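Subject: The model for you to look through

Hi there,

Here is the structure I promised to pass on. Please open it alongside this note, and you can follow the notes below as you go.

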Amino acid sequence: MAKKIEGYLKLQVPAGSATPSPPIGPALGQRGLNIMEFCKAFNAQTQDVEKGAPCPTVITYFTDKSFTFEVKTAPVSFFLKKAAKLQKGSQTPGRGIVGSVSKAQVREIAEAKMKDLNANDVEAAMMMVEGSARSMGLEVKG
């Protein structure tokens, strides 16, 4: 018999550095889930990802207090800031340009994010990434 799903929990956890401290500990603890088991499994699964990269994670927890989790790729904004060598995006998006990314970098980001994006092909994914770049105050060159 299949386990009965009690709920879903969405967290954004830095890759390779899940600890029982907030926000992970309280979020899992109030649902009665084993915090250390999650931290060890998450850190093991994300050891090949760049350390500190934000990883959106969807945790499915069941009535018997067991859980499964799915780790998605880092947000597009993280990749864009890294490609443009910025600490943060524009304070006034749409008014000023704070940096630029090339079409080649946009394609690379789109290919990396393809499994998490709602796009049929790489060109459609590139358009989504370019839209995110513009909203951050980045210029797409080339």
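Let's start with residues 72-140: the end C-alpha atoms of this span lie 25 Å apart, and the span is 49% helix and 10% strand. Helices (H or I, at least four residues) and strands (E, at least two) are DSSP runs, numbered from the N terminus. An unreviewed UniProt entry annotates residues 72-140 as "domain: Large ribosomal subunit protein uL11 C-terminal"; UniProt positions are in the numbering used here, feature names are shortened, and annotations may be inferred rather than shown by experiment.

This is a predicted model, in which local features need pLDDT of at least 70 and side-chain atom pairs count only at pLDDT 80 or more, while totals for chains, interfaces and linings use all residues. Residues are numbered from 1 along each chain as its sequence is written, and side-chain values use heavy atoms, with hydrogens and water left out.

**Helix α5**

The 14 residues of α5 (residues 122-135) should span 20 Å at 1.5 Å a residue, and the end C-alpha atoms are 20 Å apart, which agrees. (The expected span is 1.5 Å times one less than the number of residues.) A125, M126, V129, E130 and A133 of α5 are buried, meaning under 20% relative accessible area, with exposed being over 50% and partly exposed in between (1.4 Å probe, protein chains only).

The buried residues of α5 pack against α3 (76-84), α4 (103-113) and β5 (138-141), where contact means heavy atoms within 4.5 Å. E130 counts as buried because its relative accessibility is 12%. Leaving aside residues up to four places away in sequence, E130 touches K103, V106 and V140. Just after α5, G137 has a positive phi of about 90 degrees.

**Helix α4**

Here V106, I109, A110 and K113 are buried. They fall within an arc of 100 degrees seen down the axis of α4, so they line one face of the helix. A104 and E108 are exposed on the face turned away from that buried side. The cover over the buried residues of α4 includes α3, β4 (99-102), α5 and β5.

Happy browsing!

Notes: The arc is that of the directions from the helix axis to the C-beta atoms.
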